[in-house]
Structure formats: structure tokens, C-alpha cells
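Q: I am new to this structure. Please pick one part and take me through it closely, step by step.

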Amino acid sequence: MTPLITVEKVSKSFTGSEGDELRVLDDITLELRAGEIVALLGRSGSGKSTLLRTIAGLIALTGGSVRYRGEELNGANPGTAMVFQSFALMPWLTVQDNVELGLAARGVPPAERRERALAAIDLIGLDGFESAYPKELSGGMRQRVGFARALVLEPDLLLMDEPFSALDVLTSENLRTELMSLWTGQRFPTKAICIVTHNIEEAVQLADRVLVLGANPGHLRAEVTIDLARPRDRKSPAFAALVDRLYDLLTGRKPDLTEPEPTEATPTARPLPAASVGGLAGLAEIVHARGGRADLPDLAAELNFEVDDLLPLVDAAAQLGLLFVAGADLHLTPIGQAFTTADIQQSKKIFAEQARDRAPLVRTIYKALAASADGSLRAGFFLDLLRRGFSAEDAQQQLDTAIDWGRYGELFDFDTDTGQIALDPAHRATAERAPA
Ligand SMILES: Nc1ncnc2c1ncn2[C@@H]1O[C@H](COP(=O)(O)OP(=O)(O)OP(=O)(O)O)[C@@H](O)[C@H]1O
């Protein structure tokens, strides 16, 4: 049977603010078939929304093709409708008019529009709210309108871009459960669902297949089949095992054979996560305070953050060898333990050694400074080099992070007035002896 959607070798680049090319999707191939729910799971910036919009036919591709029922798309995909995180309702229209909007755009006559909108409003539990305006509704109700507006089009494929993430926990749980009971019932008017999420539990709760995206540029990292019966029990060991497996894949801690050793990697092969020393040291302290082990989702919930927000800190601490990730668990390493418990001078020394060994950009800067005539170089020199592998914005972010880390470890310092990065005097002698 022809798949509903065939994405073949799709790549997409955007032009950055300084005219540079920013590759967002790289060589993506996938199929979406009737009868399945597929989750696109990835961290912020991995290109999930961009991929969803290519499936909807809303953006021009840089390379590859997207086919709907075997036909290559040349514009908006007629077989899809989208539900957005921000609901995207027209505030000046009533619920009824909002739901009718897409039908009107497709030239459906008013009487039929009305009837179909009423049915969709009823299906999604908004009966009685037809003449309300969005501002009179709670967030959950507004997103119900978002669903009704998409479902009324009876698309083959319902596309959802983080549809629950702007809602509070209870409301989103409620809506997810209702959506699933509609999906498993007889009245659901679509053949397949593709949902973008960065929430692992949501992916396991909803999807038949989870496609895990990696970043820089966005690529398919893994595919995991979720063959749990519905409704799914979040507390079952099978559910927990899948959540753990996806954590491993998402945090990328499973040693990837193509990934070079930290001591040999280049700054572009192993970018520095966007984390300040204060942030990653704080995370290490919290894990230490819990006996050296912490559950990442629990930690995020307690701190009132999303797991996604904590990942750069986790990545940074892991890259520096201060902690390691196993499933959803963070474990402090012996070095991490020493780093957290030592006095400030010793702690800086440990940090400096780890950063020089395991953070390629810090190492590169350190070595280049050591090899320079007077132990200093213009920051612009490093920025130019970084621009070969990063967008202008990301290159600056990489340099800022390296300077923050280098400063804390007293390896080198940056003078904003002169724009020079200079080796710390205390490190000069050591650097001169370091192998090139
Ligand atoms: N129109 C655009 N022009 C330039 N860059 C863009 C554009 N749209 C997206 N990007 C960039 O592409 C990258 C991927 O964005 P995208 O929104 O697809 O990722 P995502 O995985 O959905 O992330 P998030 O969860 O944060 O929404 C980001 O770096 C973003 O800044």
C-alpha cells in the first residue's frame, strides 16, 4: 500500500542573519502510513517543526522530496491539517467561525460548513460554546477549538506541533487521554497522526513509532516502535523501560561509534553545550546533594523546568566528565564528586583540566594561545574559524561558552576593550610545555 507520506532525502537550509547558510535538516527519509501515530521527538532546535512544515508542504525544500499518496508536493499538502502549540485562533471570530474558517477557504458551501463545524465541535467536547470568543475560553478549551478546526477538514493526516505544551499538566493530560479515546473509537476523521514533541513520556503515551531527531543539523537518529496496548499504563515496567530507552537516545549518551573520543574531537565535531559554569556546577551540586544520583524528569519537575531546559547543563557536565547519564538517571562521577566537594581553588583546577581535555574548543584556544608569540590572539580569529562550521550566532555562542569555561578554569581571559583572548599568566609555563 502506498504510504500517506513519503519523505525522501529531505534537506533544508535557511539563510542566517548575516547571510550565512544554516542547515536545519539533513538527509531525512521517512514514511507515514495510514493507521499509525508517529511522534517526532527531539531537543529544541533539532528541526522537528521544520520537518513537520515540510510534510505540510509549507516550506520549499533545499533538497529531496515529499510525496503525498505517491504524488510529489508542489505547495501546501491537501491531505494534512495542523494543530499548533499557540492554538493560532482568530480572536475576532467565534468558536463556530474559527472552526468553519478552513472549510470556507476550501470553498465548502455555508450550510455544509455549519453542519460539519457543529459535528467537529461536538466531537471535541465544545458543545454549547459555539458562539463564544477565544478570550472567553480557558487554554484547554482554546486548544479544543484548535483540534476541531483541524479535524473538521477530515485530513488524511493530522499534524500536531507540541499541541499540549502550552497547557498546564492536568489539562494537557486530560486532552491527551481524550484524543486517544477518540483515536481508538470509530468517529475520528483522520487516518494518521504525526506529533512533534520534546516530551518523552508524551511520545510513549501516544505513538506507535517514535522517530528520534538529533541536532546540528537535524537528522534521524533512531526509530523506536511502541507496541504497548492502549490505553497505556504509565506506571507499567514496559512503559518505564521505553521512556528510559528514549532518554538514552535523546541525550545521546550511548556511545556512538562515529563520534570521536573527547580528547581527539574537533570544536565542530563536538560543540560546547550552551551552559555557563555556574549552571553546570549548580547541577552537579544538586546531584551531589541527592547522594550522587538524580532522576532527570523528577529534578526538572521539582525545579519547575522542562527536561529540555536542563539538557544543555546535563550535556555540559557530561562532556566535562563530571556526571554521566544512564536512561533518565544522572550519576555524579568521582571527578564530579571531587569537583563539587573541593575548595574553590582545587575545584577550579579540576575544572581546568577537564575542560582542556574534554572541551575541544577550550583546548583549541588554549593551544593556539600557547603557540602565539605573546600568549594572546584576537577573538575574531577564533570566530572566523568557527564560522566555517557554525552559523554566525552559534559561532558567537560557542566562543562565549569557551571564554566562560576558560575564565573559570583560569586558563585564559578575554579583554572586551581590546578584543584579545590571553593565556592566564599562571598557565603560560605549563602551556609552553604542552604537546602541540
Ligand atoms: N524561517 C527560518 N529562518 C531561519 N532559521 C530558522 C527558520 N525556521 C527555523 N529556523 C532555525 O532552524 C532550527 C530548527 O528549528 P525548529 O523550530 O524546526 O526546531 P525544533 O526542533 O522544532 O525546535 P523547538 O522545539 O525549539 O521548536 C533552529 O535553529 C531555528 O532557529
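A: Two residues count as in contact if their C-beta atoms, placed from the backbone, lie within 7 Å. This is a predicted model, in which local features need pLDDT of at least 70, side-chain atom pairs count only at pLDDT 80 or more, and totals for chains, interfaces and linings use all residues. Residues are numbered from 1 along each chain as its sequence is written.

Start with the helix. α8 spans residues 277-289. (Axes are lines fitted to C-alpha atoms, for helices over the stretch in contact; angles run from 0 to 180 degrees between N-to-C directions. Helices, H or I of at least four residues, and strands, E of at least two, are DSSP runs numbered from the N terminus.)

Now the strands. β11, β13 and β12, in that order, form an open sheet of 3 strands. The pairing is antiparallel. (Strands pair if DSSP finds at least two bridges between them.) At the edges are β11, residues 293-295, and β12, residues 323-326. Each edge strand pairs on one side only. From one strand to the next, the twist averages 20°.

Zoom in on one pair. Strand β13 covers residues 329-332. β11 and β13 pair in the antiparallel sense, over 3 bridges. Here two aspartates face each other: aspartate 295 stands opposite aspartate 329, which belongs to β13.
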